[in-house]
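Try each task on the model before reading its solution.

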Amino acid sequence: MTITLDKPINSIKPPKPWAKRNKSTVVNNAIAVILPTVVLGILFFTTEIPGPVLVVVVFFPLQLLTAGVTSFMDKGKRGIGDSLLSVGCVSAFGLVVALLGSVVLSVIARGLPAMKFNFLFQNNIYISPTTELTYGGIGHALLGTLLVVFIASIIAVPLGIASAIYITDIKGRAAGFVRFMVQAMSGVPSIVAGLFIFAAIILTDVVGFSAIAGGLAYAILMLPTVARTAEEVLRLVPKEVRDAAVALGSSRARVTMRIVLPTAKTGLITAVVLGVARIIGETAPLLLTTSNANNTNLNPFRDPVSTIPVYIFQYLGSGYQTSIQRAWGAALVLLLAVTILFALTRYLSRNKKGNV
Amino acid sequence: MDLVAKFLLPLFPLVTSVTSSLIVNPEFRRTSVVGLLYLSVMNQHKTVSTSTLDVPGNTPTPRYFGREKSRTKSDKLFSGSIIVAALSSLVILTAILLYLGSNSWPVLVEQGFSFITGSEWSTTDGVEIFQIWPMLYGTFLNAIIGLVIAIPVSVFLALFIVFLAPKNLSKVLTVVIDILAAIPSGIIGLWGFLVFTDTAAKWGQLLNQYLGWIPLFANDQEQFARSPFIAGWVLAIMIIPIITVVSREVLAQTPQELLDAARGLGGSLSGAIKMVALPHARGGIVGGVMLGLGRALGETIAIFFVLNLIFDVNIYKILNPEGGAIASMIVAKFGEATPNEINALLGAGLILFIMTLFVNLAANYIVKRSQREKLA
């Protein structure tokens with residue numbers, strides 16, 4: 001087959017996508033960036049309208065408009081979509097960073113004044129909502145939270161990972177059903193988990209308000225998170241790895257325990273940590289299952305135990321200045337705990353030799 | 001007997017050593033009667049070298065994976081214990097239904113259908129009336145406001161992380177989203193109550209001032225704190241990371257060839273995203289949204305602090321300080337509840353539970369359908 005050209009070959013100009021942007025692109029981009037900002041600045045300094053309102057009412061629509069128009073001038077119709085996409089993306093980014101920043105900064109700024117040495121190690125006996133911050137603390141609540149989360153983990157992690165293995169590795173007849181059940185369970189509201197444990201264990205006098213009841217309620221919330229994340233992680237284990245293990249003659253149990261789980265180790269750790277992060281700040285189920293205490297209680301089977309979320313709830317409800325400071329302090333500790341958990345996962349799952 | 005003892009016993013080690021040495025020889029194994037006998041006994045649990053495969057009864061024991069039944073004992077034990085553990089979610093769900101149902105049944109029967117449709121809750125004067133319609137409706141109103149805010153933000157954010165942002169920025173953003181997801185609802189509630197409510201109330205006032213002619217933004221209470229609008233924002237903060245994480249994951253799995261092909265055909269980036277990435281990721285995004293909805297319906301403590309619970313249904317005035325949420329109502333009423341009231345609260349929890357179950361059912365259905373369409 002021959003290619004016929006209607007022009008001599010050396011008269012066709014290649015498009016050269018790697019060539020430098022022409023001047024009009026640069027000018028257009030500059031207009032799209034500078035114009036809305038300048039308008040925002042002028043309005044901000046000349047009128048009385050508060051800044052955030054200007055950003056939402058003036059800056060954002062104007063930015064959309066200029067970006068659309070300039071990219072239309074530059075690239076034609078195709079450019080409009082691209083420019084609106086990038087404006088939308090950056091705006092969403094800005095909004096989320098602003099919200100997260102507000103939460104984190106206010107917790108740090110308002111929680112730091114409560115951070116005294118005693119705050120981390122003392123418990124809450126003889127402390128009233130108006131007691132000075134140099135007395136009392138969240139020591140008992142810290143231990144209580146650790147206890148409850150530990151109980152929840154030893155129940156939920158094996159069950160969750162087993163559910164994931166059943167779905168991805170065993171692929172039994174009920175795999176779809178189990179998957180569906182796990183999915184349905186992930187929708188169980190935290191308060192319902194608390195109500196269930198309350199009705200099943202506390203109303204029937206098996207145990208009273210106690211850490212074990214709280215741990216069971218937490219486990220219900222943790223299981224689906226662990227199972228779903230673990231399932232996704234196990235799915236990422238290449239089929240070739242499984243096939244190779246089978247071809248070498250290993251049994252099903254061995255393939256799963258020695259090949260699949262170690263391959264997905266970092267992902268499974270992430271699953272566990274996500275599960276812990278999901279539950280560690282849940283207040284509602286604990287209000288109904290562990291109740292609250294002022295003393296340190298390490299017996300999981302008897303007597304109410306205090307936890308950090310419930311401590312925050314308790315002091316936020318009482319409304320005095322110092323008690324609200326205590327609540328912020330406890331929130332800061334909770335946030336620190338979550339951060340440490342996260343740093344831990346990052347450290348554990350740092351990439352060694354391109355793990356999955 | 002003497003003869004046997006004298007001649008055969010010394011021969012025994014000789015015979016065994018000869019036969020065993022012959023058995024080691026694959027030629028002998030395949031051709032002699034002794035060899036075949038040996039193979040049929042020994043090879044039941046062993047794989048053999050391929051050279052002996054053509055002999056009948058001499059194939060390696062197949063291992064069944066997938067839906068086939070496993071054959072060995074250890075496999076049976078393993079999969080049995082895994083199945084038992086995997087069914088725990090079924091057991092728990094059934095137990096929740098049974099316990100909440102059996103405890104609240106008397107109250108539900110006594111209150112009748114108006115438990116759901118009525119709007120009064122009172123234990124005074126010896127008459128106990130438990131009706132949850134305003135709370136039920138309010139739960140959905142809050143969730144819908146939250147979703148309306150969260151869906152566009154999260155989808156754009158996921159697109160930003162996957163397609164637009166420079167690599168370093170998208171790494172940072174991933175961490176930021178993870179942190180946001182990990183912030184406990186108690187802290188969000190604290191922040192919402194002491195920090196966010198003031199700001200949001202001002203915005204509510206502005207909305208009412210300039211857009212008050214829209215019925216949605218009407219306000220007849222001259223007070224803007226503790227409204228469903230604020231509750232919706234607080235919910236949105238909790239939903240955004242959920243939807244973003246799921247969308248980001250499915251978007252990142254868009255086949256690069258398809259994207260390249262779309263770009264190579266002259267499509268813009270937004271065109272490629274619209275025609276390739278979003279359709280590919282639709283099921284996952286819907287799944288994420290449904291996950292977020294489930295979270296929003298059941299959120300308790302954060303809503304408890306930022307919303308005024310009123311037993312009078314507020315249909316659309318999202319800036320009015322009147323709202324409802326079943327979960328928060330349960331916490332609010334639980335402390336000083338009479339025994340009968342506790343059973344009514346268990347009933348409310350049952351309804352919340354069934355609702356979220358149905359949401360998940362719908363989520364499953366939608367995700368599956370979109371996947372089927374993708375295959376077709």
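**Exercise 1.** Decide how far α8(A) is enclosed by the rest of the structure, and check the span of this helix against its number of residues.

*Solution.* Begin with burial, where a residue is buried if 20 or more other C-beta atoms, placed from the backbone, lie within 10 Å of its own, exposed if 12 or fewer, and partly exposed in between. In α8(A), 23 of the 25 residues are buried, so the helix is largely enclosed by the rest of the structure. Helices (H or I, at least four residues) and strands (E, at least two) are here DSSP runs, numbered from the N terminus. The model is a predicted one, in which local features need pLDDT of at least 70 and side-chain atom pairs count only at pLDDT 80 or more, while totals for chains, interfaces and linings use all residues. Residues are numbered from 1 along each chain as its sequence is written, and chains are lettered from A and ligands numbered from 1 in the order in which they are written.

Next, take the expected span as 1.5 Å times one less than the number of residues.

**Exercise 2.** Repeat the analysis for helix α7 (residues 133-164) of chain B.

*Solution.* The 32 residues of this helix reach 45 Å from first C-alpha to last, close to the expected 46 Å. A kink of about 30° lies at Ala150(B), shortly before the proline Pro152(B). Because 23 of its 32 residues are buried, α7(B) is largely enclosed by the rest of the structure.

**Exercise 3.** Which class of residue, nonpolar, polar or charged, has what count on the side of chain A that touches chain B?

*Solution.* Count two residues as in contact if their C-beta atoms, placed from the backbone, lie within 7 Å; 74 residues of chain A then contact 75 residues of chain B. The largest share of the chain A side, 19 residues, comes from helix α3 (residues 77-111) of chain A. Sorted by class, that side has 52 nonpolar, 16 polar and six charged residues, where Ala, Val, Leu, Ile, Met, Phe, Trp, Tyr, Cys and Pro count as nonpolar, Asp, Glu, Lys and Arg as charged, and the others, Gly among them, as polar.

Leu159(B), for its part, touches Leu85(A), Cys89(A), Leu164(B), Leu251(B) and Ile273(B), not counting residues up to four places away in sequence.

**Exercise 4.** Is Asn219(B) buried or exposed?

*Solution.* First locate Asn219(B) in the loop between α9 (185-211) and α10 (228-252) of chain B. With 20 C-beta neighbours inside 10 Å, Asn219(B) counts as buried. Its contacts, leaving aside neighbours within four places in sequence, are Asn208(B), Phe224(B), Lys317(B), Leu319(B) and Asn320(B).

**Exercise 5.** Describe the make-up of chain A and of chain B.

*Solution.* Chain A comes to 14 helices and zero strands, and 47% of its 356 residues count as buried. Its C-alpha trace spans about 95 × 75 × 35 Å along the principal axes. Chain B has 15 helices and two strands, and buried residues make up 42% of its 376 residues.

Note on methods. The bend at a residue is the angle between axes fitted to the seven residues ending there and the seven starting there.
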